[in-house]
Every structure is written in structure tokens, then in C-alpha cells.
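Come and look along with me.

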Amino acid sequence: MIAEMAGVSVSTVSKIMNNYSDVSEKTKQRVLEIIEQTGYLPSNSAKTLATKKSSLIGVIFAGELNVDFTHPFFVEVLNSFKKQMGVLGYDLIFFSNEKFISGGDYFSRCLHFHVDGCVIISGQKMENAIQELDMSSIPCIGVDLELKGKKSGYVMSDNFKISSKVVEHFYLLGYRELGFIGSTADSNISNKREEGYIKAIEGFGMTVNEKWFVHGDDFFEPSGYAAMKQLLQAGNLPKAIFAASDLLALGAIRALKEHGLRIPEDVAIIGCDDIEACKYTSPKLTTIRQNKERLGVLAAHMLFDLINNQSEGGSFVVEPALVVRESCGSQNR
């Protein structure tokens, strides 16, 4: 319609609306006046076809076992990411994997929706489709997930430092018998925290007792409860336990209380993430704070730079911080 009224081609109108320089000023002004008079607004589909950009970012909760909207840590990271991407001019679209876990194709769906890039939230039992997307031409940023593609990058906390801070704190409080509650064997994050924990224990000259290292099915509260029950049934508990997530720690605390044990007098516990609930539990949970806002903002800026060819990927590792509350027993020692 605009092209007909101005007596120019559709491609000329598209160039003017997208600020191309190879159109005469006279033609540009005539087209802009008609647009203003008619109140014309181009559809998002038309803009996408003209610019090859949709201003849409795909959000993927990866893995057969994924955190979805149920894990407070990732929800806070995603909120921070969403706000920053909004400032940068992008909207989010969420992809579901329920129908094609065994053989899905994220790449073709991303092409279908013309997404400019993707953020991929770490999960467990990763689909092959994630690796295919990582190696594709679509810019991707992983959160707690190491991506290696030419158009990819990732952000995560320093998991080895998380564990070393826990061991150092336990050591200075006088604890020498240390246990660990983690997620499944195929969880990269849990494995890194466990590996760092063992290395730090050995670094302080203490003994690693494998009987005190137990694992749940995921990072959630029921798994922490079940893992702690396993330790209780075995008997001979450690004096202090590091749980690879706050929710695992809260499940462990519930099991200990049911067994008539006190925290931290009988068993001290430290979690990881610093979710909001840590401030309100009884006892209040000592934890390692991951800077969730910073992780989200970094992920947004890194993805923006990848989309606009201003970087070639890379990674950021964010510094964790120990938050001392009641469950570690610092006030009692």
C-alpha cells in the first residue's frame, strides 16, 4: 500500500524503514510523509523478513531432568536476564522439550521462529539436540552449562571456589569429619562441586570418607531428604555436610529433625545458591551465594554481542561468596 501511494518499489520502502543509505533524500521524505499520514506500522513478520532479525531470544530448559520454573536459583537468573534483554530490545520465547526428548531438533524450531539467539539453562541427561544447537550458526549462551560452539559462550559460578570456601569454613570451625550431598552422577555442576570439595578436604590434610558422600536424583528438597535418610540408616554420621544446593540442604535438615537430631549441634550443614528461603528456615541456612543478578546480566550482554558479531563467544566465571547464618554452628564454636 505504502509503495503504491509513493510510486516506489516495496524494497525501497523496506530500505527506508530500516534506515538504509542508498535511497535519495527526496524519496525517503515522500515515503515517510505517507507513512505518517496513514499511521502505518509494519508487522513483526514483515520486519523479520526485511531485516532477518526478529528481536526474539529462545529460552531452553535443557535436559530430560530440567529445572523449568521450579528452581529459585535459575528463576532469579532468568529474571535478571529477561530484564537486561528487554533493555537491549529483545523479547523471550520459551521452547518445550517434552514432546521430543529422545529425538528433538531445537535448531529447526529456532529457524522456524527466526530467533536471534538462545539462552540454555543447564539440566541433567542432556539431549543431543542441545549439542546440535550449540554447534549451529545460532548464537547461544549457556547458564551453568559449558558450550563450545563457534557462536556460543557460557556463564557460571566458580564451582571449585564454592567448594573450597565451604571446606575452609568448616575447617576453621574445627570440623574434620565432612560429608557431601550431591545430585546424580550425570550432573556436571554437582560433579564439579564434589570434585572441588574432595580436593579441598585433601588440601587441608583431612581424610575423605566416601561413605559420607551420597547423591539424590536431582537438586530438589525430596532428594536431599532421601540422601540424608540414606546416611542416617548407615549410621556414624559426619559432623558437617555440604549440600550441592540449598534445596538439597533443606531436605537434609528435614530428615535430621525427624530423626531427633539438632542442627548444627549434632550435624552442621552448608548449602549453595542463597535462595530466599535460606533466611527463613530454622535454623537459618549458611550457604554459598551465587551472584544471580550478575549471571543474568552477563548472559544477556554476551548473547547480545554474539548476535551483533561484536564478540566470538567465551566464558565468564562469577565469584561466589560465603553467607554465614546459623546452620554451620559458627556461633557455637
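**Entry one: aromatic rings.** I started with the rings and found 11 aromatic pairs in the structure. I keep in mind that this is a predicted model.

I picked phenylalanine 170 and tyrosine 175 to begin with. Their ring centres are 5.6 Å apart and their planes stand at 85°, so I noted the pair as edge-to-face, since over 60 degrees counts as that. Are phenylalanine 170 and tyrosine 175 buried or exposed? I checked, and both are buried.

Then I turned to phenylalanine 180 and tyrosine 197. This aromatic pair is tilted, with 5.7 Å from centre to centre and 40° between the planes. Phenylalanine 180 sits in strand β6 (residues 178-182) and tyrosine 197 in helix α9 (residues 188-203), so the pair ties together parts 17 residues apart in sequence. I found both phenylalanine 180 and tyrosine 197 buried. I also followed the ring pairs onward: they link Phe180, Tyr197, Phe213 and Phe242 into a cluster.

**Entry two: two helices.** Next I looked up how helix α5 (residues 72-87) packs with helix α12 (residues 292-307). Their axes are 7 Å apart, at an angle of about 45°. I wrote down the crossing of α5 and α12 as right-handed.

Which residues meet here? On the α5 side I listed several, including Phe73, Val77 and Phe81, and on the α12 side Leu295, Ala299 and Leu303 are among them. Sorted by class, the contact of α5 with α12 has 9 nonpolar, 4 polar and 3 charged residues.

Notes. Residues numbered from 1 in each chain as written. Predicted model: local features only at pLDDT ≥ 70, side-chain atom pairs only at ≥ 80, totals over all residues. Heavy atoms only, no water. Axes fitted to C-alpha atoms, helices over the stretch in contact; angles between N-to-C directions. Helix = DSSP H or I, 4+ residues; strand = E, 2+ residues; numbered from the N terminus. Left-handed = near helix turned anticlockwise from the far one by under 90°. Contact = heavy atoms within 4.5 Å. Nonpolar A, V, L, I, M, F, W, Y, C, P; charged D, E, K, R; others polar. Phe/Tyr/Trp six-rings, centres within 6.5 Å; stacked < 30°, edge-to-face > 60°. Buried < 20%, exposed > 50% of the residue type's maximum accessible area, 1.4 Å probe, protein only.
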